[in-house]
Number of protein chains: 2
Amino acid sequence: MTLPATVAVDVGGTKIRAGSVIGGVLAHVRSVPTPATAGAQAVLDTIAEATAAVIADTSGSRGAEFAWRIGIGAAGVIDPATGTVVSATDSLPGWAGTDLVSELTARTGLPVRAVNDVHAHALGEAAAGASCGTRSSLLVAAGTGIGGGFITDGHLLTGRNSAAGHVGHVPSAAASGLACPCGGTGHVEAIASGPAILNTYRRLVDASDSPTSTPVAAPVPANTRELAAAASAGDALAVRAFDIGARALGSALGGIANVLSPEAIVVGGGLAAMDEIWWAPLRAAFAAELIPATAGIKLTKAELGQDAALIGAASLWNAEQRETR
Amino acid sequence: MTLPATVAVDVGGTKIRAGSVIGGVLAHVRSVPTPATAGAQAVLDTIAEATAAVIADTSGSRGAEFAWRIGIGAAGVIDPATGTVVSATDSLPGWAGTDLVSELTARTGLPVRAVNDVHAHALGEAAAGASCGTRSSLLVAAGTGIGGGFITDGHLLTGRNSAAGHVGHVPSAAASGLACPCGGTGHVEAIASGPAILNTYRRLVDASDSPTSTPVAAPVPANTRELAAAASAGDALAVRAFDIGARALGSALGGIANVLSPEAIVVGGGLAAMDEIWWAPLRAAFAAELIPATAGIKLTKAELGQDAALIGAASLWNAEQRETR
């Protein structure tokens, strides 16, 4: 008798992580660089190689016969019904239009299911993380962008064009007039993402520079991580930039909570790793938007880190899992 | 052999409408005033009397033996799983806490299912109206308040506390600082509802009054209907008030479309009865928020008018219907 086993793969613009999931337990995780500039075929080859390596590692340590299948969480808008990349950003040239299921089945001989990586993240937290056991949950990934995934009664909401979950693209008063990566203006991602918070900081620094001011002694933060360190060290403008972004995101999520009324809202991504400098204004602005009927909903921190997308991708093979449109 | 037949009842703060639904066809509709100030027991008695009258009318005209049941769409937050009124506004004193199922079964001997009236409206448009045949749809009721109901794969999203669908309570830059009926501030309902648009008009009139201006000859509109007539007659400030409200609502709905990516967004309620003075800015502001993946989503007008809630309440008895939380 063979035991069902899944190779879970998280395909991002810079790295590919893969591991085995057997009985809900993730193991043998490996990470390799994504050959993004080499095109989609090279990325698919790398996924297939990582899959073979995970299977070899697992078989070597367990010695059992497994019935393998592949679960993918990948960057881009992915249609889970067909396993095709509907659209993708410039970080993966040629990725749009790729049929993940047939391409990877051709390379591995294994059945394949695929979903967007943030959607996989949401499925993972619901399967084994901060929203485990809830009837409905919203996962918000706050980092370079602001994305999300909504799950109700165990079903991921994919929506028309598999486009559901773009929680970063709701209007925000704080982002008024700011260009958003989507091509629009004024969306919360344009003030609340990591790069947006760095931009806010630069504007604040520019605005505080008077012609007679002395030169700033400390080095100017070059990325969101350095800005977070500056905020922790007491840089008032850095604290203020995170406060502005966190309040804008909290307010937007409060409005979304009034529309979806989920049992849990789980926040992950790079920004969620911050301390109260980011979380306190996020929670305050969120709570201020809630109507009496939704007032008990809490924002909680994601628990599974980068493993969430792997566990979620593997959960595509759970008997009860299917997407809802 | 008996034929299944449903008495559908729409319970509002001012009137109760009831009719028979047999094979999806609504007939024998009657409307009676809601004895709201007399309390919940009087309202329940009136529902039971209207139910009996509808059954008598139907049996008289058809002469057949029917297996009757009752489907209710009622004002207030209703838990469809128990048929209980979770909370209600002052328009129905004592309504909160009422167990609609046991109270009405005790009065009629018939099985009862109940849902919120806006949720019933959404179910009705999805069953036989503007969103019929879609996999997912959002119904927006824009009138005295701004409410909504989201349906995916035939399931109404009720959410935690049955509170899902409060689309009027998302933040809106245009409503910044304005008090919302929910107790919060800055929600789109505070600038886009009928009463809010009338308030905007009054502010515009006040702001345009200079000490040297001549008195306005036309009577000041006393309600949203009169304001709509003034706008149609060319009152520039009335047109502007509707424009401000419609743009705020369109922008909010564009953001919600990016989160839910529904196949259809259907707009009903009193404001939807207006012409392009309201619809043109609504559609323009909506389209401006959409990301490429949601750009094809359209706003369409609800088709069933006040019958939508009756048809939706009856659909609670369809075999495939159940709520999703």
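Tutor: Happy to! A salt bridge here is a side-chain nitrogen of Lys or Arg within 4 Å of a carboxyl oxygen of Asp or Glu. This is a predicted model, in which local features need pLDDT of at least 70 and side-chain atom pairs count only at pLDDT 80 or more, while totals for chains, interfaces and linings use all residues. Side-chain values use heavy atoms, with hydrogens and water left out, and residues are numbered from 1 along each chain.

Let's start with A:D153 and A:R135, whose closest N and O atoms are 2.9 Å apart in a salt bridge. The two are 18 residues apart and link distant parts of the chain: A:D153 is in the loop between β9 (146–152) and β10 (155–157), A:R135 in the loop between α3 (117–128) and β8 (136–142). Strands are DSSP runs of E with at least two residues, helices runs of H or I with at least four, numbered from the N terminus. A:D153 is partly exposed at 22% relative accessible area, and A:R135 is partly exposed at 31%; the term covers values between buried (under 20%) and exposed (over 50%), using a 1.4 Å probe and protein chains only.

A:R30 and A:D57 also form a salt bridge, at 3.1 Å from N to O. This pair joins strand β3 (residues 25–33), which holds A:R30, to helix α1 (residues 40–62), which holds A:D57, across 27 residues.

In chain B, B:E103 pairs with B:R107 at 2.8 Å. Both lie in helix α2 (residues 100–108), 4 residues apart, so about one helical turn separates them. Over all chains, the count is 14 salt bridges.

Key. Chains lettered and ligands numbered in written order.
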